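Trainee: I would like to learn how to read a chain from its contacts, sheets and helices. Where do we begin?

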Amino acid sequence: MIDFVLKTRDRIVNVQGAAGTGKTATLQELKRAIQEAGRECLAIAPTMSAVEELERVGFSGAITVERLLQDSRSRSGLKGNVLILDEAGMVSSRQMIELLRLMEQEDARGVFCGDTQQIQSVEAGDALRILEKESRLKSIALTEVQRQKPRAYREAIQALRRDPERGFEMLDAIGAVEEIQPPDRAAHIANAYAHSTESNVLVVCATHEEIGRVTEAIRAVRQQKGYLGDGVPVARDVSLNWTTAQKTDWRNFQSGQLLGFHRPVKGIAKDETVEVVQVHDWSLVVRNVRGKTRMISAKQAKSFDVFERRTIEVAPGDKLLLTANRREAAFRATNGEIVTVTKVDEKRRIHLEDGRVIPRTFKHFAHGYAVTAHRSQGKSVDSVIISSDGMRKELFYVAASRGKERVLVVTGHKHRLRESVATSTARLSASELVRKTGNRLYQGMRRGLSLAWKLAAIATQQEWIFDRRQNLRNNRQVERTHEQGISR
């Protein structure tokens with residue numbers, strides 16, 4: 001694989017890697033080889049948790065994709081060197097187009113490393129899958145799974161990637177699938193969690209409602225067994241997950257809601273939280289903790305998320321999931337990180353097992369016993385428990401492949417879950433849609449387009465189709481008017 005990357009004359013190469021095949025270790029070796037060849041590397045990834053993993057294995061200076069795209073200062077040293085993109089399967093079409101153009105401007109070469117069989121980007125466009133399928137991007141695959149230690153478990157995970165239904169049947173054959181009806185499922189999972197011989201256990205649920213039920217059951221068992229101390233009510237901020245469109249419609253807001261700013265705006269710093277105190281037809285009035293008010297306009301909607309403040313019980317021994325990034329001298333947090341509580345002091349500050357103290361201004365956390373499949377990507381645990389009656393191919397593959405030693409699937413309907421696992425979440429690109437409908441546009445696209453412009457064309461083709469339909473409607477209207485004029 002190293003020779004393939006070093007000897008290619010292409011600007012970009014792609015390293016495909018199934019879950020647990022050692023992609024990160026491979027990137028370490030690749031970095032060493034590139035440096036020995038006289039080049040430097042800049043490593044990037046779509047999420048902060050992936051960036052943290054890159055830093056952990058030696059890629060100092062690793063940053064997020066968005067930071068590279070938005071902050072020109074982060075590009076120093078990129079010119080003429082190598083850009084390594086980890087978790088490339090989670091990069092959207094917009095981000096990929098901008099990356100390709102940037103690499104061309106900086107005369108940089110690129111190594112993409114990712115898996116299109118895992119979870120894609122939240123933003124529109126499965127860019128890596130489109131490039132693998134529609135362009136001449138050369139790829140090399142890592143196929144030997146290393147994460148799963150038991151042979152039967154490892155072979156089932158490999159089968160899940162090729163033939164999801166067959167992989168599910170193999171998991172069932174080794175006793176990893178149990179049929180438990182919903183009323184008893186949370187208690188069953190809690191007992192399995194408590195009696196697991198592995199020290200590091202993660203539960204993956206299909207819905208947030210299921211996460212709530214499972215978490216409550218697990219904490220109840222842990223309290224009975226004396227693993228948790230006395231609980232203390234602590235305030236936390238829960239995201240409402242509003243879209244930009246929802247955030248620009250002031251009718252959705254009400255007094256008492258909280259805005260958490262991930263980008264600074266005039267009068268409000270990054271990571272600052274303010275409270276909505278008045279809602280007007282054209283703006284919001286917000287107040288910070290010092291009592292000062294500010295006006296928020298629709299132009300600032302992309303700078304904040306909307307939260308509600310709720311109470312959570314936190315006890316010594318609890319596991320918490322941190323749900324936001326924070327980079328301060330006194331406290332660092334990574335979105336998706338799972339931590340263990342040692343105590344909650346009289347000021348309601350949460351002390352962690354690793355020595356960190358969560359400041360009172362950081363309220364982005366939840367219990368960390370059960371997570372969604374999206375949250376589980378990138379994690380590696382001893383044992384994973386999946387609770388679901390329906391989960392798509394990519395989600396189930398990610399969840400089932402997190403474990404090293406053991407996987408347990410708890411469902412009320414084996415047949416229904418097996419059928420849903422065979423259904424993909426992959427989204428049709430515009431070119432695939434055009435080809436499917438027999439339009440000749442696809443053939444024209446393939447001729448003479450560079451990699452960047454081809455992806456741009458794919459990403460904007462939907463708008464072209466809309467414009468073309470509108471033009472056809474306009475032409476028909478003109479023809480009808482002309483015919484009516486002739487008849488008169």
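Mentor: Begin with contact, which means heavy atoms within 4.5 Å. Among contacts in this chain between residues at least 6 apart in sequence, 71% join residues at least 24 apart. A caution: this is a predicted model, where local features need pLDDT of at least 70, side-chain atom pairs count only at pLDDT 80 or more, and totals for chains, interfaces and linings use all residues. Residues are numbered from 1 along each chain as its sequence is written, and side-chain values use heavy atoms, with hydrogens and water left out.

Trainee: How many helices and strands does the chain have?

Mentor: Helices (H or I, at least four residues) and strands (E, at least two) are DSSP runs, numbered from the N terminus. This chain has 17 helices and 24 strands.

Trainee: What is the strand order in the open sheet of five strands?

Mentor: Pairing comes before order: two strands pair if DSSP finds at least two bridges between them. Here the order is E7-E24-E23-E8-E22, with parallel pairing. Strand E7 (177-179) and strand E22 (370-372) stand at the edges. Each has a single partner strand, so one side of each lacks a neighbour in the sheet. From one strand to the next, the twist averages 25°. For such angles, axes are lines fitted to C-alpha atoms, for helices over the stretch in contact, and values run from 0 to 180 degrees between N-to-C directions.

Trainee: Which residues are bridge partners of Val-409 in E24?

Mentor: Take each side of E24 in turn. Strand E23 (residues 381-387) pairs with E24 (residues 403-411) in the parallel sense over six bridges. There, Ile-386 has Val-409 as its bridge partner, and Ser-383 stands opposite Arg-406. E7 and E24 also pair in the parallel sense, over three bridges. In that pairing, Val-409 is the bridge partner of Val-177.

Trainee: Which helix lies across E23 and E24?

Mentor: Helix H7 (residues 151-162) does, running at about 65° to E24.

Trainee: How much of the chain is buried?

Mentor: Buried means under 20% relative accessible area, exposed over 50%, and partly exposed in between (1.4 Å probe, protein chains only). Of the 488 residues in the chain, 48% are buried. Val-314, in strand E14 (residues 304-314), is buried, with a relative accessible area of 0%. Leaving out residues up to four places away in sequence, Val-314 touches Asp-230, Gly-231, Val-232, Val-234, Leu-320, Val-341, Val-344 and Ile-350. Val-344 is 30 residues from Val-314 in sequence, yet 7.6 Å from it in space, C-alpha to C-alpha.

Trainee: Is Asn-81, in a loop, buried or exposed?

Mentor: Asn-81 lies between helix H4 (65-70) and strand E4 (82-86). Asn-81 counts as buried, at 15% relative accessibility. Beyond its neighbours within four places in sequence, its contacts are Arg-39, Glu-40, Asp-107, Ala-108 and Arg-109.
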